[in-house]
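Here is a friendly briefing to read alongside the sequence and the 3D view. Please keep both open as you go through the points.

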Amino acid sequence: MTDVEENVLQKDPRAAEGRLRKPETPAKEDPSRVEDRPPHFGPARDANDPVDARHAPPGKRTVGDQMKKNQAADDDDEDPNDTNYDEFNGYAGSLFSIRETNPHHPPAWTASACLEEVTGKRQVARNLIMKGTEMCPKSEDVWLEAARLQPGDTAKAVVAQAVHHLPQSVRIYIRAAELETDVQAKKRVLQKALEHVPNSVCLWKAAVELEEPEVARIMLSQCCPTSVELWLALARLETYENAPAKLEEANGNMQMVEKIIDRAITSLRANGVEINREQWIQDAEECDKAGSVATCQAVMRAVIGIGIEEEDRKHTWMEDADSCVAHSALECARAIYAYALQVFPSKKSVWLQPAYFEKNHGTRESLEALLQRAVAHCPKAEVLWLMGAKWLAGDVPAARSILALAFQANPNSEEIWLAAVKLESENNEYERARRLLAKARSSAPTARVFMKAVKLEWVLGNIAAAQELCEEALKHYEDSPKLWMMKGQVEEQEELIKKAREAYSQGLKKCPHSTRLWLLLSRLEEKVRQLTRARAILEKSRLRNPKNPGLWLESVRLEYQAGLKNIANMLMAKALQECPHPGILWSEAIFLEARPQRKTKSMDALEKCEHDPHVLLAVAKLFWSERKITKARDLENKVKETMRNAFWDHVKEQLSASPPNFTCALELLKEIKLILLSLLLPRQIRLKSEIEETLNMDLRKQEAEHGTLDVPHLSKCILNTMALLCAPVRDEAIQNLENLTDSVQLLRGIFQVLSLMEMDMMNYTIQTLCPHLQEHAIQYERAKFQKLLNKQPSFLDHTIKWLTQAVADLTTPSPTSPDTPDSSNVASPAQNEPASNLAPLSPPMVLSQGFLNLLLWDPESEEFPETLLTDRTQLQELESQLQQLTILASVLLVASSFSGNILFGSPHFVDKLKRVTKALTEEFNSRPEEAMLTVSEQVSQEIHQSLKNMGLDALSSDNTASLIRQLQNIAKKDNCVRSVIDQRIRLFLKCCLVLGVQRSLLDLPGGLSLTEAELAVLGQKFVSLIHYNQQVFGPYYMEILENLIPQAKAL
């Protein structure tokens, strides 16, 4: 036996059994392995344990007699054909060697017995294990294995001998009790065991489970004083019959439970046991789930303050309550809140969380009772009054009574007055709302109250009342720009232009720095065609508010809309001199220029405002207008990244302020909540409730208003939920987030991972639905096409012409081009062999040729096939990609012929050269000569620099000149290198249609190995598009080719 096998046997003597047992023979659970079972209170024996019906008192027969008596019956069950003994000879020999070398090694005996049992030699196994008990009398595993292999009566005798040798073994006593079928006999065995091992929690539990509740209670009160489980079991028994139905109910039994828990804590401390607060809370949650409410409450009250610093109590208790709610231990959470409210009765923030808890998990009565206590202790806390009124909004009279009491406690509270107005307005009690606002204006006359009153009358159509209220409000708050705006807008709505102009003008006298007022007055003059006045107003506003980009932009737009482009350009120049950095001005300036000058202007804008989103979007729009889609997308992504960075910087500023501003954080948490809920499956109801509880936005908003919102703690809770929902591939990302300490970085990382999780879910959904959607799409397109064909029988004319051309290409040989010496190696045989030796035509061959011809289609001289009209745009994009790939492969081929394999054997250099070439050939179609001139210079420089860095000889001047010349010649359509590469790429695409992309990549044509990755992408796109088209229109193609192919053969 090897050292590895021996180590395995030492760790688990049953390892040989698991390795050698036949698959069809299920391994039975070893009932002696007590330590493998989870502790529980219930039946002493597991429901799946085997029951031995044979029972006899141990000691009446010897072990040897009983073994001989059962040998014949066991031998009858053995079938030599069931086991391949040759398979086990090596194992048996190894185990025999171990037994002989080290007879006192217990795993060798147990493994040998298991091996013999597997081979069907049960009696040999019994003999071996009994010999093992003689050689290793102090081994629990050997005795337990011997008891397992023996029948019932003999097993009891074996266990009796084991107890004699190991009187302190708990496992052997448990096995002895399990062998007994009579309950009284089990009790006697366990009582005897407790005499020898009085401190065994396992034995006490087994003994208690066999007793009636009264006896069990007595036993538990006398048992091991250091076992938390037994103390909790005693507490459960004390409340078993009289557990209260509600938290508020109390009876004599609860006092008894309190005494038991207190005695448990005292006893544990007296015995030097450290009180593990988390373990006790976990046990209390289990009591809660088991229905032992009084016990869980008593435990919580006893341990909730243990090990907590005084300044950390509130924060820690609220976290404990959240954890209990997440674990569905609602009574535990309620007990924690009750204890916290006793310690902090005047803390408004402590009342908020229990109130939300009762709203979500309690009854209306419990919620009302809690809020009544809250406002009694904190009568000045407006938020508590408003919570009661809001949550009872369905019961309007009750909400009104709450707000009436709130008025008495807070007569000058703006929030309470406006809440009462909102209640009445939402219930269409506009007259009540009007009266409340009138009282509010006398009790709490703030600008906001006046604005609400004006808005109410304005919405209800009482314009005169709204105007009067505006006048009254402006007497008290003449420096409020919003009131002046409302007054002017009311007048403007009534077409009272003069009064509106007067209102805006008076407002500007009081609030000269309100940009919005200046803009409203200017637009009013522009509306009535008074451009001179509007121009003067904007000029005056710029003098009063220098370096204001919004006012400059309004001036420029005013002139541009009036058709005065020269004046607009002049104003824009002045604006950029005074405000050189606002991107909103530069973005407007780009499109004020004529089209040829826009590119130059955009470069200037990017120099001044490289990361401004307005500039980046304007440049992207410019690229898009020039059909440079790739550059436009790159800028779009840059805009997104810039906006993200700016946003997260803003969030960091808010959270770092003193006091913190949680406006953005609340919006982020709200969005996270929506994303998490969208990732849930319908059956995940419990997880949904946990998310709703953790991200209760009403509660979090109240916490934010009082500066107690714990963003790091909420982020950790969110990460735990994400870990439950994410795919395994995202586990590492979530683990990395758990190591972050910065709250902003953590939130940003959460959104990044959530976006990936959303993508995973979408991909999974699409992948699941894709076959069904594709099948429906095929049938739908074919049916629509057939309907058109029924109306226009000639609808397939261009398709027939297209396929006819493909047949002609295959049947007519084309001469080899003299300037392409390698074309004979890359062209298809059909193009180079005599017509008499052409391969027989087949539909797949014709279709492949036809689809390849589409990549050379001339839209001006030829009509597109009807069956491919919907795919025309994609085919044109593939044609463009094919051309770009041809140029790239040609450049790489020419460059590699000059620099050798050493340089092009470096993947880093090849990738760099690819990036440079792709970037410089984007405008190849419009200016091929200029593009290739730039490419040749840059490629030669890269090769020269790389050779120098690698310590190799640089290219000679002649070679450099030849390299540049050959690269520039690629711009010509008849260039031999470009033609050969083009033919080989088309040959590759043809192979992809016939053999598939992966097989085609195994045998690439020469000169294309450096562009293998790009060819794979192009080939996959081309094959996918053609495959789908064939699925839709295949029947029509076959019908056409049935006529074309015979005609071609006849010719």
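At 18% relative accessibility, Ser-979 counts as buried, where buried means under 20% relative accessible area, exposed means over 50% and partly exposed lies in between, with a 1.4 Å probe and protein chains only. This is a predicted model, in which local features need pLDDT of at least 70, side-chain atom pairs count only at pLDDT 80 or more, and totals for chains, interfaces and linings use all residues. Residues are numbered from 1 along each chain as its sequence is written, and side-chain values use heavy atoms, with hydrogens and water left out.

**The chain as a whole**

- The protein chain has 52 helices and zero strands; helices (H or I, at least four residues) and strands (E, at least two) are DSSP runs numbered from the N terminus.
- Of the 1051 residues in the protein chain, 45% count as buried.
- The accessible surface of the protein chain is about 55500 Å², and carbon and sulfur atoms account for 52% of that surface; accessible areas come from the Shrake-Rupley method with a 1.4 Å probe, and for residues only the protein chains shown count as cover.
- If you take contacts in the protein chain between residues at least 6 apart in sequence, 61% of them join residues at least 24 apart; contact means heavy atoms within 4.5 Å.

- Ser-979 belongs to helix α50 (residues 976-995).
- From Ser-979 to Ser-890 is 9.1 Å in space, C-alpha to C-alpha, while the two are 89 residues apart in sequence.
- Lys-601 sits in helix α34 (residues 595-608) and counts as buried, at 19% relative accessibility.
- Leaving aside residues up to four places away in sequence, Lys-601 touches Leu-576, Trp-586, Ala-589, Ile-590 and Glu-593.
- Lys-601 and Val-619 are 18 residues apart in sequence, with 9.6 Å between their C-alpha atoms.

- Helix α16 (residues 293-303) is mostly covered, with nine of its 11 residues buried.
- Among the buried residues of α16 are Val-293, Cys-296, Gln-297 and Met-300.
- α16 packs with helix α18 (residues 330-343) at an angle of about 40°, their axes 9 Å apart; axes are lines fitted to C-alpha atoms, for helices over the stretch in contact, and angles run from 0 to 180 degrees between N-to-C directions.
- α16 and α18 are therefore oblique to each other, given that angles under 35 degrees count as roughly parallel, over 145 as roughly antiparallel, 65 to 115 as roughly perpendicular and the rest as oblique.
- α16 passes α18 in a right-handed crossing; a crossing is left-handed if the near helix is turned anticlockwise from the far one by less than a right angle, and right-handed if clockwise.
- On the α16 side, the contact is made by Val-293, Cys-296, Gln-297, Met-300 and Arg-301, and on the α18 side by Glu-331, Cys-332, Ala-335, Ile-336 and Tyr-339.
- The residues of the contact of α16 with α18 divide into seven nonpolar, one polar and two charged; Ala, Val, Leu, Ile, Met, Phe, Trp, Tyr, Cys and Pro count as nonpolar, Asp, Glu, Lys and Arg as charged, and the others, Gly among them, as polar.
- A helix rule to keep in mind: an α-helix has 3.6 residues a turn, so residues three or four places apart point the same way.

**Helices α27 and α29**

- Helix α27 (residues 481-493) and helix α29 (residues 515-527) pack at about 15°, and their axes are 10 Å apart.
- α27 and α29 are therefore roughly parallel to each other, and α27 passes α29 in a left-handed crossing.
- Pro-481, Trp-484, Met-485, Gln-489 and Glu-492 of α27 meet Arg-516, Leu-517, Leu-520, Leu-524 and Lys-527 of α29.
- Six nonpolar, one polar and three charged residues make up the contact of α27 with α29.

**Loop residues with positive phi**

- Glu-495 is not a glycine, yet has a positive phi of about 60°.
- Glu-495 is placed in the loop between α27 and α28 (497-510) and counts as exposed, at 56% relative accessibility.
- Lys-547, also not a glycine, has a positive phi of about 60°.
- The loop between α30 (531-544) and α31 (549-561) holds Lys-547, which is exposed with a relative accessible area of 61%.
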